[in-house]
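Here are some questions and answers to read alongside the model. Keep the picture open as you go.

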Amino acid sequence: MARTPPSSDAFDRILDVDALRGFALFGILLVNIWYFASGYAFHRIPDPAYSSRLDHGIHDSVALLFEMKFYLLFSFLFGYSFTLQLDAARRRDTAFRPRFLRRLAGLFVLGGLHAVLLFHGDILTTYAVLGLVLLAVHRIRPRTAMILTGLLVGVVVLFFGSMALAEVPSVDQSGALMAGKSVTAALAGGPASVIAQNVRSIPHMIVGTAKLQGPVALAMFLLGLAASRRRILVDVSAHTRGLRLIQRVGYPVGLAGAFVVVAVGGRTTDEGLALATLTGTALAAAYAATMLRLFHTPTGRHISAALAPAGRMALTNYLSQSLICALIFTGLGLGLIGQVPPAGVLAIALGIFAAQLVLSALWMRTHRYGPVEWILRAVTNAEWPAWRHNSYAEATVVEPDDGQHPTRTR
């Protein structure tokens with residue numbers, strides 16, 4: 001296969017997408033780790049054992065800056081990349097649908113194993129199901145996709161808003177305290193106890209996904225589709241004015257909404273969920289705009305280069321985050337659930353992500369794909385893909401689109 005020297009524009013384009021995905025992984029970890037650290041998180045209340053001002057401050061800060069923001073960004077990037085994969089496959093192969101159906105099936109199986117063995121809050125099964133929707137509508141126009149995005153978010157906001165107006169109890173505090181204690185004890189048990197608790201929690205996860213996370217994730221998929229059609233991330237410098245506008249609107253709206261959400265009890269109330277859904281999108285967009293602009297500064301290029309390898313193997317890192325947290329907090333390993341204060345949990349999250357940045361960079365120097373990405377690619381193409389780079393030079397050239405990005409370094 002003929003190879004061309006990498007252009008700086010192509011390289012920046014790759015780094016923008018991958019680095020933004022790496023940044024999203026960081027936010028996902030800072031939200032998900034609390035579900036491993038305490039069984040009370042599953043019932044939308046903080047662990048009563050940690051009630052100091054510092055403890056509450058950490059929980060409120062995570063809720064303010066991270067909760068219900070980064071899965072939006074992750075979903076947007078999934079929709080963006082998935083659409084690029086569809087377009088590339090369709091151009092090369094008229095029988096692209098079976099390949100992507102295999103890809104979605106593989107993603108669903110990985111998500112199912114993740115939910116049962118490690119973390120019932122898995123998002124991969126949801127992505128696999130919603131991927132069928134995206135596959136069915138991937139030819140729609142960007143304008144239509146954006147209208148549908150607004151409608152889906154609006155429906156979720158109206159649903160929880162109507163629940164709040166009807167004064168339907170969202171969380172039974174006494175019941176949640178008892179359930180949180182029970183979940184903590186179950187996850188502190190042996191592997192059989194952990195798996196049994198994960199299985200018991202799956203129906204609750206399905207209901208919550210159907211009401212909130214699923215529709216909003218689909219909305220972000222469609223927004224990613226529209227962005228890929230308009231090639232928003234292909235040339236970031238051409239969209240500087242738009243990115244500034246997103247920042248100027250997104251931060252005031254998103255932060256104001258997040259402050260109110262924390263003040264009214266966060267995810268423990270329906271009005272909090274409605275407001276978080278409505279304004280969280282604005283803050284997530286402001287984060288993305290800020291990072292994209294930062295990546296094109298001298299300092300930001302170093303940050304981008306550090307984040308990009310983790311983003312290139314995002315699936316591996318997402319699953320390994322759960323594995324590491326399960327080994328630290330649940331009975332699958334050390335069983336520290338309920339025993340680590342919020343400051344310690346936060347420090348562990350930062351340590352995990354720092355290690356992932358280093359290990360991802362080392363891995364991608366010699367391998368074409370992350371380990372789980374390699375498995376999923378094998379399922380998608382029904383053949384064994386190459387595992388390692390043939391040479392150092394091969395790791396730095398740009399080849400024609402493999403479906404992951406407009407171009408990709410190898």
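Q: Which residues of α10 does α6 meet?
A: Welcome to a predicted model! On the α6 side, the residues in contact are Val153, Val156, Val157, Phe160, Gly161, Met163 and Ala164. Their partners in α10 are Asp270, Glu271, Leu273, Ala274, Thr277 and Leu278.

Q: How many residues of each class are in the contact of α6 with α10?
A: Sort the residues on both sides into classes, with Gly counted among the polar ones. The contact of α6 with α10 then has two charged, two polar and nine nonpolar residues.

Q: Are α6 and α10 roughly parallel or roughly antiparallel?
A: The axes of α6 (residues 142-165) and α10 cross at roughly 160° and come within 7 Å. Angles over 145 degrees count as roughly antiparallel. That makes the arrangement of α6 and α10 roughly antiparallel.

Q: Is the crossing of α6 and α8 left-handed or right-handed?
A: Helix α6 also packs against α8, at an angle of about 160° and with the axes 8 Å apart. The two helices are therefore roughly antiparallel to each other. As for its hand, the crossing of α6 and α8 is left-handed.

Q: How many nonpolar residues are in the contact of α6 with α8?
A: From α6 come residues including Pro142, Leu148, Val156 and Phe160, and these meet a set in α8 that includes Lys211, Pro215, Leu223 and Arg229. By class, the contact of α6 with α8 has one polar and two charged residues, and its nonpolar residues number 19.

Q: How far apart are the axes of α4 and α5?
A: Now look at another pair, helix α4 (residues 96-117) and helix α5 (residues 124-137). They pack at an angle of about 160°, and are therefore roughly antiparallel to each other. Their crossing is left-handed. The distance between their axes is 7 Å.

Q: How many charged residues are in the contact of α4 with α5?
A: Among the residues that meet here are Phe96, Arg97, Leu101 and Phe108 in α4, and Leu124, Tyr127, Val129 and Leu135 in α5. The contact of α4 with α5 has 12 nonpolar and four polar residues, and the number of charged residues is one.

Q: Which residues lie closest to the centre of the second largest pocket?
A: This pocket holds about 630 Å³ of space. Of the 24 residues in its lining, the closest to the centre are Phe76, Leu223, Ile232, Ile246 and Ala285.

Q: Which helix supplies the largest share of the lining of the second largest pocket?
A: At least two lining residues come from each of α3 (70-92), α8 (191-229), α9 (240-263) and α10 (270-294). By class, the lining has 19 nonpolar, four polar and one charged residues. The largest share, seven residues, comes from α10.

Technical notes:
Residues are numbered from 1 along each chain as its sequence is written. This is a predicted model: local features need pLDDT of at least 70, side-chain atom pairs count only at pLDDT 80 or more; totals for chains, interfaces and linings use all residues. Side-chain values use heavy atoms; hydrogens and water are left out. On a 1 Å grid over the protein atoms alone, a cavity is a set of points where a 1.4 Å probe fits but cannot get out, and a pocket is an open set with protein on both sides within 12 Å along at least five of seven lines; lining residues have an atom within 4 Å of a point. Grid points are joined across faces, edges and corners, and a volume is the space filled by probe spheres set on the points. Helices (H or I, at least four residues) and strands (E, at least two) are DSSP runs, numbered from the N terminus. Axes are lines fitted to C-alpha atoms, for helices over the stretch in contact, and angles run from 0 to 180 degrees between N-to-C directions. Angles under 35 degrees count as roughly parallel, over 145 as roughly antiparallel, 65 to 115 as roughly perpendicular and the rest as oblique. A crossing is left-handed if the near helix is turned anticlockwise from the far one by less than a right angle, and right-handed if clockwise. Contact means heavy atoms within 4.5 Å.
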